Each structure stands twice: as structure tokens, then as C-alpha cells.
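Here are a few exercises to work through with the model open beside you. Try each task before reading its solution.

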Amino acid sequence: MKYTILIIISLLSVNFAVLAESSETKINRAMAAAPPSISQQATILDSDGKVLQKGTNDWTCMPDTMPGDKAPMCNDALWMEMMSAVGSKADFKAKGIGISYMLKGDIGSGVSNATPYHPDHKKAHDYTETGPHLMIIVPKEMLKGITRDPQSGGPFVMWGDTPYAHIMVPIK
């Protein structure tokens, strides 16, 4: 009996190891989020914050926007500041322009267009998925006149009534 349990545990461990993605797979997915001129020199962070590859520019790319969603993104420093604020529900005020690339989009892992904190994004009345796109942070007063309708066919404001408001720019 003791050996049977050990064999089962060993087999399960092997299966979980096979399911785990390699660092190389994660790095390649992360780098696909932005043009090579940015992503090839970017720092690559895993979902848990572990540095997978140290970069030489001021960009940070991740294989997932949210852990396990496989929606890669590459962010400049202001976007990383905002993502940190979102993660800790801290206040944030854009004092400049920030850029984030999601050239692989977020199909299958979208969010509520109104809030980053919806308890079940896929059931939100304003659930939004966007193919390849850029996201631009600007001071809030610069968002006036831009639609909040993700179905408008052009740029729209996401999370408009939160400190994390930004412009979504579909590129395909």
C-alpha cells in the first residue's frame, strides 16, 4: 500500500511538471506582446513577479496580464506603476503618458470595461475582449470626448470612473 501511494504521488508530480510551462515558453509569449524593437530588450516578469530575463530598456513584458490568462503585455514604467496600484487597490493619478502593448490581444480573458475589480469579468454586463491593441494612460482631463463604448470600432476609454482610466486603441 505504501509503495502504491508513492507511485501515484510520483505519477501526479510528473503530470504537473509536464503541465507547467517552461521559462522559455513564457519569455517568448511575453515578447510577442510588443514590437521586437521594444520586447527584445525588455525585462520579462513571470506572473508571480519573478524576473525571467533581465532587460536593458525601461520596458517590462509579462506572459500573462492576470496569472494564467496567457494574454501577454509589455508596459512602460508608468503602466507598471498603474498595474501595481491596480493590484493593491491603491490610488493612482497619471502625471504623464504611459504606453502598454497587447499585440496578442486578450480574447478569452477580457475584463469588465467599467472596473478592474468585477468579481466575475466574463459575467459583467460590459465584458470586453479586444484583439491586438495599445493602451494609453493620460491625465484624466485628456479623456474628455473619447467614447467609453468598446463596440465603437475605434479607441475607447476603459475603467473610466476609476483612477486607472486609460485609452484602448484596437489596431486590427
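**Exercise 1.** Is Lys-89 buried or exposed? Work out its setting and its backbone too.

*Solution.* This is a predicted model, so let us begin with the surface. Step one: Lys-89 has a relative accessible area of 59%; the cut-off for exposed is over 50%, so Lys-89 is exposed. Step two: Lys-89 follows α4 and sits in the loop between α4 and β5. Step three: its phi is positive, about 55°, although Lys-89 is not a glycine. For context, most residues other than glycine have a negative phi.

**Exercise 2.** Trp-159 also has a phi near 55°. Is Trp-159 buried or exposed?

*Solution.* Find Trp-159 in the loop between β9 (156-158) and β10. Its relative accessible area is 7%, and buried means under 20%, so Trp-159 is buried.

**Exercise 3.** Which residues of α4 are buried, and how are they arranged around the axis?

*Solution.* Step one: α4 covers residues 77-88 and reaches 17 Å from its first C-alpha to its last, close to the expected 16 Å. Step two: the buried residues are Leu-78, Trp-79, Met-82, Met-83, Ala-85 and Val-86. Step three: seen down the axis of α4, these residues fall within an arc of 160°, so they line one face of the helix. Step four: on the other side, Ala-77 and Gly-87 are exposed. Step five: the cover over the buried residues includes β4, β5, β8 and β10.

**Exercise 4.** Which side chain reaches the backbone nitrogen of Leu-78?

*Solution.* Look at the start of α4: a side-chain oxygen of Asp-76 comes to within 3.2 Å of that nitrogen.

Terms used:
Residues numbered from 1 in each chain as written. Predicted model: local features only at pLDDT ≥ 70, side-chain atom pairs only at ≥ 80, totals over all residues. Heavy atoms only, no water. Helix = DSSP H or I, 4+ residues; strand = E, 2+ residues; numbered from the N terminus. Expected span 1.5 Å × (residues − 1). Buried < 20%, exposed > 50% of the residue type's maximum accessible area, 1.4 Å probe, protein only. Arc of directions from axis to C-beta. Contact = heavy atoms within 4.5 Å. Polar contact = N/O pair within 3.5 Å; in protein donor to acceptor, adjacent residues only side chain to side chain.
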